[in-house]
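Thanks for making time, everyone.

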Amino acid sequence: MRRTFVAGNWKMHGTLAANEALLTAILAGIADTKTQVALCVPYPYLSQAQSRLAGTAVAWGAQNLSQHAKGAYTGEVSAAMLNDFGCRYVIVGHSERRALYGESDDLVAEKYAAAQAAGLTPILCLGETLNEREACLTEQVVGRQLAAVLARCGAASLAKAVIAYEPVWAIGSGLTATPDQAQAVHAFIRGQVRAMDAAVAEGLIIQYGGSVKAASAAELFAQPDIDGGLVGGASLDADEFLAICKAG
Ligand code: PGA
């Protein structure tokens, strides 16, 4: 039986004051959930997350990192810097990074490798666009995105990673994939991994992301291959986020 893992993705939202209230409310309500929980916050708020969340049941992390260890890369943040702020997780390959910042499958694989080399757990995002789904390319696209990471790091690396299946058309759109649609892709992803390493596939956490709300979470998380969620918009609302965590 895999455990359920829910991660919040704050994206580029927050202020010190708003975060303080959100973190306080989440911590006040998190005690009675068995779900593993993490919050992926903007870089400037890592220090705040560390000081509020250290010693609690809630882990924290970042939403991106550089593939480089250090050097003349103005504006970039390395895995070692994330370690300095106690991060356990870092999102890699989010569809917004792929679409808006041109991150290729190979670059995502490099970032995944850089995260693991520093002892961070990457949350690797995979997902197809609406056009790709309508052209019946979902498995081809998700398989290709996964294959780039497997080629660089091997299936065994997934023992220290999390996968998030996030159909691009469901992110921030209010259009959640149906539990059946999501389960089908999750089963495909696990099958791809199983073909290389059955034990790793069995223990692999595959989160679903894309407009997860309290109302949809329980049915999604009840699917055999859905092990939790990567939650964007709803992670900014403490009551909604706590209800999602408790659905796990
Ligand atoms: P959403 O975002 O829950 O707002 O759709 C999910 C994500 O992008 O990780």
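Let's start with Asn9, which is buried at a relative accessible area of 4%. When I say buried I mean under 20% relative accessible area, exposed is over 50%, and partly exposed is in between, using a 1.4 Å probe and the protein chains only. Before I go on: this is a predicted model, so local features need pLDDT of at least 70 and side-chain atom pairs count only at pLDDT 80 or more, while totals for chains, interfaces and linings use all residues. Residues are numbered from 1 along each chain as its sequence is written, and side-chain values use heavy atoms, with hydrogens and water left out.

Back to Asn9, then. You'll find Asn9 in strand S1. My helices (H or I, at least four residues) and strands (E, at least two) are DSSP runs, numbered from the N terminus. What does the side chain of Asn9 do there? One of its polar atoms lies 3.0 Å from the backbone nitrogen of Lys11. That's a polar contact, meaning a pair of N or O atoms within 3.5 Å; within protein, one must be able to donate a hydrogen and the other to accept it, and residues adjacent in sequence count only if both atoms are side-chain atoms. Not counting residues up to four places away in sequence, Asn9 also touches a set of residues including Cys40, Gln63, His94 and Ser235. Touching, or contact, means heavy atoms within 4.5 Å.

Now Lys11 itself. Lys11 sits in the loop between S1 and helix H1 (16–29), and it has a positive phi of about 50° although it is not a glycine. For background, most residues other than glycine have a negative phi.

Cys136 is another case: its phi is positive too, about 60°, and it is not a glycine. Look for Cys136 in the loop between helix H6 (130–134) and helix H7 (138–153). Is Cys136 buried or exposed? It counts as exposed, at 70% relative accessibility.

Gln63 is in the loop between strand S3 (58–62) and helix H3 (79–84), and it is buried, with a relative accessible area of 19%. Leaving out residues up to four places away in sequence, Gln63 touches Asn9, Trp10 and Val90, among others.

Ala62 is in strand S3. At 0% relative accessibility, Ala62 counts as buried. Its contacts, setting aside neighbours within four places in sequence, include Cys40, Tyr43, Leu82 and Tyr89.

On to the ligand. How many residues surround the ligand? There are 13, and the closest are Lys11, His94, Glu166, Gly172 and Ser211; a residue is in this shell if one of its heavy atoms lies within 4 Å of the ligand. The shell divides into 4 nonpolar, 7 polar and 2 charged residues.

A ligand oxygen is 2.6 Å from a side-chain N or O atom of His94. For the side chain of Glu166, the distance from an N or O atom to a ligand oxygen is 2.7 Å. Ser211 uses a backbone N or O atom, 2.7 Å from an oxygen of the ligand. Taken alone the ligand exposes 280 Å², and the protein buries 96% of that; these areas come from the Shrake-Rupley method with a 1.4 Å probe, and for residues, only the protein chains shown count as cover.

Ser211 brings us to Ala234. The two are 23 residues apart in sequence and 7.7 Å apart in space, C-alpha to C-alpha. Ala234 is in the loop between S8 and H11, buried with a relative accessible area of 5%. Its contacts, aside from neighbours within four places in sequence, are Val212, Lys213, Glu240, Phe241 and Ile244.

Last stop, helix H10 (residues 214–221). Ser216, Ala217, Leu220 and Phe221 are buried there. Why are they on the same side of H10? Because they cover an arc of only 120° around the axis, the arc being that of the directions from the helix axis to the C-beta atoms. On the other side, Ala215 and Glu219 are exposed. The buried residues of H10 pack against several elements, among them strand S1 (5–9), where we began with Asn9.

Note on methods: Nonpolar A, V, L, I, M, F, W, Y, C, P; charged D, E, K, R; others polar.
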